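Grab a pencil and have a look at the fold below. Two exercises follow, each with a worked solution.

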Amino acid sequence: MLLFPSTERMRRIDYKGKEIYLLDYSGLKEAEMIALTNLHTNTVVAEGKKCYFIANYDNTYGTANYMKEAHAFTQATKSFIPKGAFLGIHGPKVALLKGITYFLNVNFKAFESEQEALDFLTS
């Protein structure tokens, strides 16, 4: 199953009985990344039900302003999202993600492949 890249920046799939948001941040700049994060936040909060996500961050850079929005997303959606998966995060950024998720007490992890991310979300 090829999830990324996609012509839609945010879409939903049902995979093994789990509702999973697919967010394609690849190649986006700060303002576009913030807009996509805000759309995801608003959608999850408005629906108010359990869901999961895979976010593709290939060819992106997390600016300080974006990281503030990502933190706000995590705080606002924490009660609805039991697991989240990231693609396109490599090297030292993986360690940074682990630290952030530890302090925010969320189950978000980085993966090398779409299939690994799907397996994690449905395990």
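Strands (E, at least two residues) and helices (H or I, at least four) are DSSP runs, numbered from the N terminus, and two strands pair if DSSP finds at least two bridges between them. You're looking at a predicted model, where local features need pLDDT of at least 70, side-chain atom pairs count only at pLDDT 80 or more, and totals for chains, interfaces and linings use all residues. Residue numbers start from 1 along each chain as its sequence is written, and side-chain values use heavy atoms, leaving out hydrogens and water.

**Exercise 1.** Work out the strand order of the sheet and find its edges.

*Step 1.* The order is 1-2-3-4-5, in an open sheet of five strands with mixed pairing.

*Step 2.* Now zoom in: strand 2 (residues 18-24) runs parallel to strand 3 (residues 52-56), with five bridges between them. L23 has A55 in strand 3 as its bridge partner.

**Exercise 2.** Which residues touch the most other members of the largest nonpolar core?

*Step 1.* Set the rule: such a core joins buried (under 20% relative accessible area, 1.4 Å probe, protein chains only) Ala, Val, Leu, Ile, Met, Phe, Trp, Tyr and Cys residues through side-chain atoms within 4.5 Å.

*Step 2.* Among 24 residues, the answer is L23, Y25, F53, Y57, I81 and F86.

*Step 3.* Who contributes? Helix 1 (30-47) is one of the elements supplying at least two residues, and its four make up the largest share.

Terms used. Buried means under 20% relative accessible area, exposed over 50%, partly exposed in between (1.4 Å probe, protein chains only).
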